[in-house]
Amino acid sequence: MKYIFVTGGVASSLGKGVIAATLGRLLQNRGFNITIQKFDPYINVDPGTLNPNEHGECYVTIDGYECDLDLGHYERFTDIKTTRWNSFTTGRIYQEVIDKERRGEYGGKTVQVVPHITDAIKENMLRTGKENPELDFVITEIGGTVGDIEGLPFLESIRQLKWELGDDALVVHLAYVPYIAAAGELKTKPTQHSVKTLQSYGIQPDCIVLRSEHPLSDGLRRKVANFCNVRPEYVLHSPDVPSIYALPLKMHEEKLAIQILKLSGYQDIDNLPVTENHDKWHKYVEMWRSTTEELHIGFVGKYDLQDAYKSITESLKIAGVYCGRKVVTHFINAEEITEENVAEKLSPLPVEGQGEVSGYILCPGFGDRGIEGKITAAHYLRENNIPTLGICLGMQIMAIEFARNVLGYKDANSTEFNAQALCPIIDMMEEQKHIANLGGTMRLGGYECELVPDSRAQAIYGRFNIIERHRHRYELNGNYIAEMEQKGMTVSGRNPLSKLAEIIEFSANKFYLGTQFHPEYSSTVLNPHPLFLAFLKACKE
């Protein structure tokens, strides 16, 4: 088993996560079993309590762990199912060590960063590999940038593992090569300095991937190789690509997987065949390249940040390719929607000359900010028969709106927004109400769902039993379901054990469906989620 560590230098947001995911996909395409994990240097125990405007979306693993959005990239690229053991933060590591110290497991010794924190980091870096001996490669991305003070314990752990594992440990370093327009030159000095910083911590990278918007000459690559003590064939270029899903093809041309396999000691690599997934990926990218017609989708939400709804955006873009459309998303701030302007905000008319919005996502989220605007939007979309998909909070908004405007409960609300609501159409389960820890009151991770025969949801999935991931603490109140169904809002999916509502649909419309779960967490490049495919098909029509 080989361990590959991916570090980054010069600047953040260079795409370490995408490079790690790309490497994983390329190794899979050569027939190897891989997994990918991320170690983040921030002190939060996990991203669960971080505002999406602060850190982007919080991704949820199948076993219910709240983690960094890069794990979404890992899954979309590789189709693996990550777990809580694929994601660690400084806060989680320190919490683990402090808990051991409180239990007396260190025998009264002084607890220090070295060796106790670094030992805990190493143990968790190796855990997934030890527990899954069928793996060939464990790829570990280190968050942040080389030189950041908070990342030093992780780099020290890698230094130690390089000695302990020998040839079974490799370091891939991603660095930026800026273009100075005034001089008309690409500059390698930032890359050289980032590698020297890495070397000052006792780590020599085995492979350097250069991120640049411009082509790199062979001379420039040799220059980087000479100054960074790396052979020229192990200096690769990661160029800008119109879609991140085209990057595996570019890095295949750069022979990223081939060079990693050579560094890992594999023989006769050039004759190693590629799997059918390599051809499937090629086919997907070719479909994307040949797709020119746009399909515009509106996001009714409250987090005006590109990464706040990352998995939804990517799932729509992926599904759009299979539907023959390039999906373009538009954010509509729910706080700005009122009864007076809702038609102007949501009418499917040209958006700033860019095209017509054909359907809407009622986005997930927490808290009462922008809720009345979302309810107003849901009312308009339902009454005007505009394709709408509600996700998590979005489904709850659909239920509240329906209760107010169809069932006649004008004070219908969620107890999340009004604890004294006279009509709590959305409420917390009784057994959750006395749990103090925020995470403890939530349904997190994969839960079963039984679909009602002949419902739209069952037709979309093509089966009767599914498992989808959740991240929420409030539920559709079962006391109102019978009345809702009498008026046309059907609960078409339920959890088989708790009987909690998982899917609602208004069959009178061409597509008006809400899910309590997050389908975006289960959508990948090679296996797009059927709900997004069905939603976009309705939008096309």
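Me: Before we look at this predicted model, what does buried mean here in terms of relative accessible area?
Reply: Happy to start there. Buried means under 20%.

Me: Great, so is Asp 70 buried or exposed?
Reply: Let's apply that cut-off. Asp 70 sits in helix H3, residues 70-78. Its relative accessible area is 11%, and buried means under 20%, so Asp 70 is buried.

Me: Which residues is Asp 70 in contact with, leaving aside its neighbours within four places in sequence?
Reply: Here we set aside the residues within four places of Asp 70 in sequence. The contacts that remain are Gly 17, Lys 38 and Glu 141.

Me: Gly 17 is in H1, and H1 meets H3. Are H1 and H3 roughly parallel or roughly perpendicular?
Reply: The axes of H1 and H3 are 9 Å apart, and the packing angle is about 25°. Angles under 35 degrees count as roughly parallel, so H1 and H3 are roughly parallel.

Me: How do the residues of the contact of H1 with H3 divide into nonpolar, polar and charged?
Reply: On the H1 side the meeting residues include Gly 17, Ala 21 and Arg 25, and on the H3 side they include Asp 70, Tyr 74 and Phe 77. Taken by type, the residues of this contact are 5 nonpolar, 6 polar and 2 charged.

Me: Moving to H5 and H6, is their crossing left-handed or right-handed?
Reply: Helix H5 (residues 113-131) and helix H6 (residues 152-165) have axes that come within 9 Å and cross at roughly 65°. That makes H5 roughly perpendicular to H6. Their crossing is right-handed.

Me: How many charged residues are there in the contact of H12 with H18?
Reply: Helix H12 (residues 310-322) packs against helix H18 (residues 530-540) at an angle of about 65°. Among the residues that meet are Ile 312, Leu 316 and Ala 319 in H12, and Phe 532, Leu 533 and Phe 535 in H18. The contact divides into 8 nonpolar and 2 polar, and the charged residues number none: no charged.

Me: Is Thr 524 buried or exposed?
Reply: Thr 524 is found in the loop between strand E23 (512-515) and H18. Its relative accessibility is 5%, and the cut-off is under 20%, so Thr 524 counts as buried.

Me: Last one: which residues is Thr 524 in contact with, leaving aside neighbours within four places in sequence?
Reply: As with Asp 70, sequence neighbours within four places are left aside. For Thr 524, that leaves Glu 75, Arg 76, Asp 79 and Ile 318.

Key. Residues are numbered from 1 along each chain as its sequence is written. This is a predicted model: local features need pLDDT of at least 70, side-chain atom pairs count only at pLDDT 80 or more; totals for chains, interfaces and linings use all residues. Side-chain values use heavy atoms; hydrogens and water are left out. Helices (H or I, at least four residues) and strands (E, at least two) are DSSP runs, numbered from the N terminus. Buried means under 20% relative accessible area, exposed over 50%, partly exposed in between (1.4 Å probe, protein chains only). Contact means heavy atoms within 4.5 Å. Axes are lines fitted to C-alpha atoms, for helices over the stretch in contact, and angles run from 0 to 180 degrees between N-to-C directions. Angles under 35 degrees count as roughly parallel, over 145 as roughly antiparallel, 65 to 115 as roughly perpendicular and the rest as oblique. Ala, Val, Leu, Ile, Met, Phe, Trp, Tyr, Cys and Pro count as nonpolar, Asp, Glu, Lys and Arg as charged, and the others, Gly among them, as polar. A crossing is left-handed if the near helix is turned anticlockwise from the far one by less than a right angle, and right-handed if clockwise.
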